[in-house]
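I set out to look up the pockets and the aromatic pairs in this structure. My entries follow in the order in which I made them.

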Amino acid sequence: MNNLLSNIKIEVPSGTYLKDPESSTLGKKILTHSIILIDEMGFESFNFKKLGAAIQSNESSIYRYFESKHKLLVYLTSWYWGWLEYQLVIETYSLTSIEDKLKKAIKVLTRTTKNDNTYTHINEVLLNTIVINENSKSYLTKDVDDDNKEGFFMPYKRVVKRFSELISEYQPDYDYPLSLASTVIQSALHQQFVKDHFKTISNFNKQHTPTQFFTDLVLNALTYGK
């Protein structure tokens, strides 16, 4: 099973890169160390010169893979959403009860991330932290509409759509499945941030988790809608 899963490639929109970083050792090295550096210093302080020094390669070699550090961030966040979609599909496909599927989906979308040894060049825990802290910078730009037309955000939109379909299957009469799905996914990132940085306005602790909160929120909203 592990051998089968190791052959599954996370698809990222081709417009985010000039050369597929998954196609070479250097490309994978760029991904590995960009995740480490962005997590350490933040996206604003990160640049290709620092990345080049970290991987002991010319800055120009990185530009052969990515046009800019913004495109690299879009690539990394897109990879994360593609990986999360993969988790969502794998962990719900064998369940027969729609309520169990919905609860499992909420868990996948809101739980604390653990490393997936399938992809050894990607640290999913650090990448999750980057998505929590930096994801909005991938789309809160003047070019967001053009980037959207290019399909840069398709992995994220697929996750929202899959989750909304489970919501609709559980409660067909609910009028806002897409809005609820995107709200939960974005709010889960925000609540993870609040839990770590603004502890005085968070109820999350060892006894109460974001998954419990969002499960209550979604099921109560859908029960009220019945």
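**Aromatic residues and pockets**

I note here that the model is a predicted one.

I then looked up where these two residues sit. Tyr80 and Trp83 both belong to helix H5, three residues apart, or about one turn of the helix. In an α-helix there are 3.6 residues a turn, so residues three or four places apart point the same way.

I also looked up a wider grouping. Tyr80, Trp81, Trp83 and Tyr156 make up one aromatic cluster.

I next asked how many aromatic pairs the structure holds. The count is 13. Among them I looked up Trp79 and Tyr119, which form an edge-to-face pair with 5.4 Å centre to centre and 90° between the planes. This pair links distant parts of the chain: Trp79 is in helix H5, Tyr119 is in the loop between H6 and H7, and the two are 40 residues apart. I found Trp79 and Tyr119 both buried. For Tyr80 and Trp83, the ring centres are 6.1 Å apart and the planes stand at 45°; planes under 30 degrees apart count as stacked and over 60 as edge-to-face, so this pair is tilted.

**Largest pocket**

I turned to the largest pocket, which holds about 270 Å³ of space. It is lined by 22 residues, and Thr113, Asn128, Thr129, Ile132 and Gln192 are the closest to its centre. Two or more lining residues come from each of helix H5 (69–92), helix H6 (98–110), helix H7 (124–134) and helix H10 (177–197). I asked which element gives the most to this lining. H10 does, with eight residues. Sorted by class, the lining has 11 nonpolar, eight polar and three charged residues.

**Second largest pocket**

I recorded a volume of about 210 Å³ for the second largest pocket. Of its 13 lining residues, Ser138, Tyr139, Phe153, Tyr156 and Lys157 are the closest to the centre. H5, helix H8 (144–149) and helix H9 (154–170) each give two or more residues to this lining. The largest share, three residues, is from H5. I counted the lining by class as six nonpolar, six polar and one charged.

**Helix H7**

Last, I looked up H7. Its buried residues are Glu124, Leu127, Asn128, Ile130, Val131, Ile132 and Glu134. They pack against helix H2 (25–41), H5 and H10. At the N-terminal end of H7 I found a cap: a side-chain oxygen of Asn123 lies 3.1 Å from the backbone nitrogen of Val125.

How values were computed
Residues numbered from 1 in each chain as written. Predicted model: local features only at pLDDT ≥ 70, side-chain atom pairs only at ≥ 80, totals over all residues. Heavy atoms only, no water. 1 Å grid on protein atoms, 1.4 Å probe; cavity = no way out; pocket = protein on both sides within 12 Å on 5 of 7 lines; lining within 4 Å. Points joined across faces, edges and corners; volume = space filled by probe spheres on them. Helix = DSSP H or I, 4+ residues; strand = E, 2+ residues; numbered from the N terminus. Nonpolar A, V, L, I, M, F, W, Y, C, P; charged D, E, K, R; others polar. Buried < 20%, exposed > 50% of the residue type's maximum accessible area, 1.4 Å probe, protein only. Contact = heavy atoms within 4.5 Å. Polar contact = N/O pair within 3.5 Å; in protein donor to acceptor, adjacent residues only side chain to side chain. Phe/Tyr/Trp six-rings, centres within 6.5 Å; stacked < 30°, edge-to-face > 60°.
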